[in-house]
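Please look over the model below, which is a predicted one.

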Amino acid sequence: MTHTKPTTLALIGAIGSGMVGGFYLAFSGVIMPALHQLPAADAVRIMQSINRAAVGPAFMIPFWGTAAVSAALVTRGFGRGTKSVLPAVGAGLYLAGVAVTVICNVPLNNKLDAAAGTQLAWEAFTSGWVPANHIRTAASIAGAVLLVGALRRRK
């Protein structure tokens, strides 16, 4: 495999998309089910704390860094032949997950941050946040899989 700029971008995109997708998967499979076992006031307080921690560099660098790499892959991918389409689609899927995050999850996080820890607030939050998280999880992981597939095709 030659290490050209598109190959390097696809590798970084695959790693980042997989990392971010794994982070979301932890929420879908472990964190949210565990929070649902707690009283609403505790679940709200813990999720508020998680949301504040998530805007730190440990998550923001992979999240936005992968978005930047993905935007480059999409930009250079279409119209350059079939070898460039697969990474562009994979990167586009990651960017779809970013869009879900910005349009759905972040506003719900902000609303929860201002909410009292009531059962009603928790149910209103989770009824939209959890399905949106499943979507961004699937998009990020599918994006990583396609980017890895694109790298394998370049061999």
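One aromatic cluster is formed by F23, Y24, F27, F59, F63, W64, W122, F125 and W129, and the structure as a whole, a predicted model, holds 9 aromatic pairs. In general, the distance of the centres and the angle of the planes are what describe a pair of aromatic rings.

One member of this cluster, W129, is also touched by N105, whose other contacts, leaving aside residues up to four places away in sequence, are V100, A132, N133 and R136. N105 is found in helix α4. Is N105 buried or exposed? Its relative accessibility is 0%, and because buried means under 20%, N105 counts as buried.

The chain around these residues contains 5 helices and 0 strands, so that reading along the sequence gives the pattern α-α-α-α-α. Its C-alpha trace spans about 55 × 25 × 20 Å along the principal axes. Among contacts with a separation of 6 or more, 78% are between residues 24 or more positions apart.

Empty space can be considered next. In general, rolling a probe the size of a water molecule over the atoms shows where such space is left. The largest pocket holds about 370 Å³ of space. It is lined by 22 residues, and those closest to its centre are N51, A54, V55, V106 and N109. The elements that each give two or more residues to this lining are α1, α2, α3, α4 and α5, and they are set out here with their residue ranges.

| Helix | Residue range |
|---|---|
| α1 | residues 5-36 |
| α2 | residues 40-54 |
| α3 | residues 57-77 |
| α4 | residues 82-113 |
| α5 | residues 119-153 |

Which helix gives the most to the lining of the largest pocket? That helix is α4, which contributes 7 residues, and α4 is also the helix in which the buried N105 is found.

Terms used. Residues numbered from 1 in each chain as written. Predicted model: local features only at pLDDT ≥ 70, side-chain atom pairs only at ≥ 80, totals over all residues. Heavy atoms only, no water. 1 Å grid on protein atoms, 1.4 Å probe; cavity = no way out; pocket = protein on both sides within 12 Å on 5 of 7 lines; lining within 4 Å. Points joined across faces, edges and corners; volume = space filled by probe spheres on them. Helix = DSSP H or I, 4+ residues; strand = E, 2+ residues; numbered from the N terminus. Contact = heavy atoms within 4.5 Å. Phe/Tyr/Trp six-rings, centres within 6.5 Å; stacked < 30°, edge-to-face > 60°. Buried < 20%, exposed > 50% of the residue type's maximum accessible area, 1.4 Å probe, protein only.
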